[in-house]
Each structure stands twice: as structure tokens, then as C-alpha cells.
Amino acid sequence: TRPNNPKVPDSYSITGHFDRIVVMRMKFKTDLLSEMEKQVKAQNIKNAVILSGIGSVRGWHIHNVAGRDYPVPDMYAGNPTQPADLIGMNGYIVDGAIHAHVIMAAGDKAATTISGHLEKGTEVLTFAIVTVGVLNTDLAHVDDQNYR
């Protein structure tokens, strides 16, 4: 409910370089987000860009924003038994925390698009491959809703 801070710029840029590219592969019946978290920790990834994600899921769980003002309410949706193709993923890893958005397609004749913020409860079907570019710079305020 507090107003924007005039000391915080309306926009800003961060420059940096990729230190390395990490390709993660998750297998059948694993939780996509949980396995990504394990790999981020194992690979000591602090700050990164999620470049891509493909594969398929046995069921899914996401959330989207459900309001226009602070505090922003979230609307959760999911179907633990609906398979879908993972068409794409993007987002960031900031200080080791994953903020991933997914696009999935489900259905037989006319595919329905499912998209939103990835949540635990999205179980891998055939496999999932997620590629991240690990950055050599700090992304502290990029994903901070209080920095406004």
C-alpha cells in the first residue's frame, strides 16, 4: 500500500556476461521445479537467465497474477492428471531462487495453451530439458517487487 520510492529509478540496466551454460535434464515422474532447485544448488548457480525449456509433463501446477494493485493476489491453477507438452520456459534465477514461467499445450485435436509461473506439482512425463545461462553479475533487484 506504500507509494513508489522516488529514489528507485523507473527503469535501469545491468550488464554482465555468461560464465557458463548449464543444461539440466529431468526424468519421468520427477517434479520439474524441485529437480531444477536441486540442480541450481548442486551447480552453485546464484544468478542466471532461463534460456529455454522443453519436454512433456504428466500433470501441471501454475499461478498467475489476479489483480492490478499491491499486494498482488495470485490465482493458482492445475491439473495433476492432464498431460501436456512443455513448449517453452523462460525466467530468472536470482540469488539461487527460481522464477520460471512456462508455456504448455494440452489436448488432443485443438490444443489448449497453459501458461504461467511454474509451481511444484508439475510432474515430468518423457523428460524435461532446461537450459540456463549463468551470469557473472548480481541480479538482486531484478525480481524484487519491493524495489519500486
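Biologist: As I read it, a pocket is an open set of points on a 1 Å grid over the protein atoms alone, where a 1.4 Å probe fits and protein lies on both sides within 12 Å along at least five of seven lines. What volume does the largest pocket have?

Modeller: About 210 Å³. Volume here is the space filled by probe spheres set on the points, with grid points joined across faces, edges and corners. This is a predicted model, so local features need pLDDT of at least 70 and side-chain atom pairs count only at pLDDT 80 or more, while totals for chains, interfaces and linings use all residues. Residues are numbered from 1 along each chain as its sequence is written, and side-chain values use heavy atoms, with hydrogens and water left out.

Biologist: Which residues line the largest pocket?

Modeller: H63, N64, V65, D74, H99, H101, G116, H117, D143 and Q145; a lining residue has an atom within 4 Å of a point. Two or more of them come from each of β2, β5 (97-106) and β6 (112-118), and β2 gives the most, with three residues. Strands (E, at least two residues) and helices (H or I, at least four) are DSSP runs, numbered from the N terminus.

Biologist: How many of the lining residues are nonpolar, polar and charged?

Modeller: One is nonpolar, seven are polar and two are charged. Asp, Glu, Lys and Arg count as charged, Ala, Val, Leu, Ile, Met, Phe, Trp, Tyr, Cys and Pro as nonpolar, and the others, Gly among them, as polar.

Biologist: Which strands does β7 join?

Modeller: β7 (residues 123-135) runs antiparallel to β1 (residues 18-27), with nine bridges between them. Nine bridges also join β7 to β2 (residues 48-65), again antiparallel. Two strands pair if DSSP finds at least two bridges between them. For landmarks, R20 is bridged to V134 in β7, and V57 to V124 in β7.

Biologist: What about the inside? Which residues touch the most other members of the largest nonpolar core?

Modeller: L32, M36, I45, I50, M89, M104 and V132, out of 29 residues in that core. A nonpolar core is a set of buried (under 20% relative accessible area) Ala, Val, Leu, Ile, Met, Phe, Trp, Tyr and Cys residues joined through side-chain atoms within 4.5 Å. Elements supplying at least two of the core residues include α1 (32-42) and β4 (84-94).

Biologist: Pick I45. What is it in contact with?

Modeller: Leaving aside neighbours within four places in sequence, I45 contacts R20, V22, M24, V40, I93, G96, V132 and V134. Contact means heavy atoms within 4.5 Å.

Biologist: Now the loops. Where is N44, and is it buried or exposed?

Modeller: N44 sits in the loop between α1 and β2 and is exposed (over 50%), at a relative accessible area of 52%. Its phi is positive, about 55 degrees, although N44 is not a glycine. K29, in the loop between β1 and α1, is likewise not a glycine and has a positive phi of about 65 degrees.

Biologist: Which peptide bond is cis?

Modeller: The one from Y70 to P71, with omega near -10 degrees. P71 lies in the loop between β2 and β3 (74-79).

Biologist: And where is G107?

Modeller: In the loop between β5 and β6. G107 is exposed as well, at 58%, and its C-alpha atom is 8.2 Å from that of P83, 24 residues apart along the chain.

Conventions: Buried means under 20% relative accessible area, exposed over 50%, partly exposed in between (1.4 Å probe, protein chains only).
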